[in-house]
Amino acid sequence: MTTQQSPVAPTGRPLRADAERNRRRIIAAAHKLFAERGLDVSLDDVAAAAGVGVGTVYRRFANRDELIVGVFAAHLEEVAEQTEGVLAADSDPWASVVTMVSTVCTAMAEDRGLAAIIMQIDHTDPTIATVKARMTKRMGEVFDRAHAAGVLREDIVETDIFSIFSMVSSYADITEATVPGAWKRYLQLLLDAIHAAPPSEPLRTPALTEEQIHEVQACRIAFRRGGASS
């Protein structure tokens, strides 16, 4: 597994242990607030939630945009480490694909703060681009191993990962508030679709009922009307 590089201070030197602890507390607090309240939270709110002074937050992140980048970069680092763990475990190649895809889809479906960040963040930011390159490389290695074992469709490439994640996240966006976990049915369908020999295992998550579809639609209409009137 690749060792994560220590964050550096503006001077270019690695952060002290206490400063690094504060940085992690700030990122964790911000991530939680983004999930609960959306991205429109102040650095003062983040400082209070993290239990640190506002000055400490500003020393690490000059503004909210930098903090959003920090939260997303931390998430990508976590995904990269999890994927490296899958590779290091030398588990069944198909099980590795399922674990990797399911882990990321679960985070995107259930963490709406993360989903909002993904939609708004500048993915060309150097910090994001560097971590994403590491994550994408590891995911590609999981796919390469599955291809070599003949368990992943030959025409599936690593860029298909983005589409899979986007489809699951989009469906979760319209159903999670009213039918939590409904997205898992379609994740299973997508996994079956990319398997070289799709299994005949019954779908574990039920389809939406007509009543649930109406509830989802009503929820989305109410949301759009609320956004339009604000």
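I began with C105, which is buried, because its relative accessible area is 1%. Buried means under 20% relative accessible area, exposed over 50%, and partly exposed in between, with a 1.4 Å probe and protein chains only. I then looked up C219, which counts as partly exposed because its relative accessibility is 36%. I searched the whole structure for disulfides and found zero. A disulfide here is a pair of cysteine sulfur atoms within 2.5 Å.

Some notes on the source. This is a predicted model: local features need pLDDT of at least 70, side-chain atom pairs count only at pLDDT 80 or more, and totals for chains, interfaces and linings use all residues. Residues are numbered from 1 along each chain as its sequence is written, and side-chain values use heavy atoms, with hydrogens and water left out.

Overall make-up next. I counted 10 helices and zero strands in the protein. Helices (H or I, at least four residues) and strands (E, at least two) are DSSP runs, numbered from the N terminus. Of the 230 residues in the protein, 40% are buried. I took the contacts with a separation of 6 or more and found that 67% of them join residues 24 or more positions apart. Contact means heavy atoms within 4.5 Å.

Then the core. Which residues touch the most other members of the largest nonpolar core? They are V101 and F165, in a core of 60 residues. Elements giving two or more residues to this core include helix 1 (17-37), helix 2 (43-50), helix 5 (93-110) and helix 9 (183-194). Helix 4 gives the most, with 10 residues. I use nonpolar core for a set of buried Ala, Val, Leu, Ile, Met, Phe, Trp, Tyr and Cys residues joined through side-chain atoms within 4.5 Å. In soluble globular proteins, nonpolar side chains tend to be buried together. I listed the contacts of V101, leaving aside neighbours within four places in sequence: I164, F165, L187 and L191.

Helix 4 (residues 64-89) was checked for length. Its 26 residues should span 38 Å at 1.5 Å a residue, and the end C-alpha atoms are 38 Å apart, so the two agree. The expected span is 1.5 Å times one less than the number of residues. At its start, a side-chain oxygen of N63 comes within 3.1 Å of the backbone nitrogen of D65. After helix 4 comes D90, with a positive phi near 55°.

At its start, a side-chain oxygen of D125 lies within 2.9 Å of the backbone nitrogen of T127. G150 follows helix 7, and its phi is positive, near 75°. Among the buried residues of helix 7 are R134, R138, R145, F143 and G140. Their cover includes helix 4, helix 5 and helix 8.

T159 sits in the loop between helix 7 (126-149) and helix 8 (160-175). Is T159 buried or exposed? It counts as exposed, because its relative accessibility is 56%. I also checked T159 against T136: they are 23 residues apart along the chain, with C-alpha atoms separated by 8.8 Å.

Last, the record. UniProt, in an unreviewed entry, lists residues 42-61 as "DNA-binding region". That annotation may be inferred rather than shown by experiment. I found residues 42-61 to be 75% helix and 0% strand, with end C-alpha atoms 12 Å apart.

Notes
Polar contact = N/O pair within 3.5 Å; in protein donor to acceptor, adjacent residues only side chain to side chain.
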